[in-house]
Amino acid sequence: MNAVQQEQKKQMAEALRVPSDVVAVLSNILSDLVNNNDKLPDTLVSKFHSASPVDISIASYASRIHRYSGMANEPESWVCALLLLDRMQRVPNFVLNSATIHRSLLLAAMIATKSHLDKYYANSCWAKIGGITLQEVNSLELELLFMVGFDVSFSRQEFLAYNHELRKHSPAVALEIQQQQQRQQQLQMQLRLAQQRQQEQSLYGLVDSMVGEETTIVDDMDTDSDEEDDTTQDATIELSYTRSRSERDEDEEDLDDDMLDIPDSHTTKRRKSISISNNKISQHQHSYSQSYSHSFSNSFSNSHVPPPAVHNAVEQQHQPMSMAF
């Protein structure tokens, strides 16, 4: 069984279900019908007419029948009773009014239970429930059967049509339909919320993935920028080193230029001071060498060491000869 067949079966079961307040609904329908028919002339007096007005209301009388006849366990019998009452009303010159409604309702309910239930109460019980004699119950039963032509059966479509009328006028069914609609709206809202959560989760996942990709790209860019910074720093250092060398060269050139730009008088004075310094140094060296040679010669004279001239000659003899190529 597929989903379509299951849905059809569910709808059919719902259509066959009798409203829980079927007695109240049926009583309201019959009360409205009686109020309208009381305005019409009643030309035919039948066995269903009461000799005097009945003090009990239709709702109370239907509740008594529902309570003591066992129809509470089989509420579908009330649909059959409504169908029989409608067929009785089709009889010419017969009117369901306040004088005929009580006996007609009692006999319609009794014949409905007898024709559609396996177990039902005897006519004597129904006489006690309705508050009439057994002989009157038996007579009214035959009267009703002849009025409807002994046609107490009905088709499935007729049952659905009458039950639909009962359900349409039922406050309990209206409340059930409203609650069902609210449940459907809640389910739809929950479904929409679930879909929104799914969309948000997918969106969050997409954002996280995009953020991860951007983080990777930024890390790569940072690495590239670090490498570029290192290269730029190296280039800057090299450029500064080159600039420092060039500046030193320029400073030296400037110094040379400055020296070249010194006036001749200063240059002459500086040369004179340098020559005087050199003369003093040479005099000191000469005096020192004389004193040293004098002392050295005395030391050699005291010892048997040859004089420096001889020593120099001996050293020259022992020095290797330079080879001229």
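Visitor: Which residues does Ser170 touch, not counting residues up to four places away in sequence?

Guide: This is a predicted model, in which local features need pLDDT of at least 70, side-chain atom pairs count only at pLDDT 80 or more, and totals for chains, interfaces and linings use all residues. Residues are numbered from 1 along each chain as its sequence is written, and side-chain values use heavy atoms, with hydrogens and water left out. Ser170 is in the loop between α8 (156-168) and α9 (171-260); helices (H or I, at least four residues) and strands (E, at least two) are DSSP runs numbered from the N terminus. Taking contact as heavy atoms within 4.5 Å and leaving out residues up to four places away in sequence, the partners of Ser170 are Pro19, Asp21 and Val25.

Visitor: Does Ser170 count as buried or exposed?

Guide: The classes rest on relative accessible area: under 20% is buried, over 50% is exposed, and in between is partly exposed (1.4 Å probe, protein chains only). Ser170 has 3% relative accessibility, so it counts as buried.

Visitor: What separates the C-alpha atoms of Leu83 and Ser153?

Guide: Leu83 belongs to helix α4 (residues 76-89) and counts as buried, with 2% relative accessibility. Residues up to four places away aside, Leu83 touches Phe154, Glu158 and Tyr162. Leu83 and Ser153 are 70 residues apart along the chain, yet their C-alpha atoms are separated by 9.4 Å.

Visitor: How many charged residues are in the contact of α2 with α3?

Guide: Helix α2 (residues 22-37) and α3 pack at an angle of about 145 degrees, their axes 9 Å apart; axes are lines fitted to C-alpha atoms over the stretch in contact, and angles run from 0 to 180 degrees between N-to-C directions. From α2 come Val23, Ser27, Leu30, Ser31 and Val34, and from α3 come Ile58, Ala59, Ala62, Ser63 and His66. Ala, Val, Leu, Ile, Met, Phe, Trp, Tyr, Cys and Pro count as nonpolar, Asp, Glu, Lys and Arg as charged, and the others, Gly among them, as polar. On that basis the contact has 6 nonpolar and 4 polar residues, while the number of charged ones is none.

Visitor: And how many charged residues are in the contact of α3 with α6?

Guide: Helix α3 (residues 58-68) packs with helix α6 (residues 123-130) at about 145 degrees, with the axes 10 Å apart. Tyr61, Arg64, Ile65 and Tyr68 of α3 meet Trp126, Lys128, Ile129 and Gly130 of α6. Here there are 5 nonpolar residues and 1 polar, and the charged residues number 2.

Visitor: What is the phi of Asn93?

Guide: Most residues other than glycine have a negative phi. Asn93, in the loop between α4 and α5, counts as exposed at 52% relative accessibility. Although Asn93 is not a glycine, its phi is positive, at about 65 degrees.
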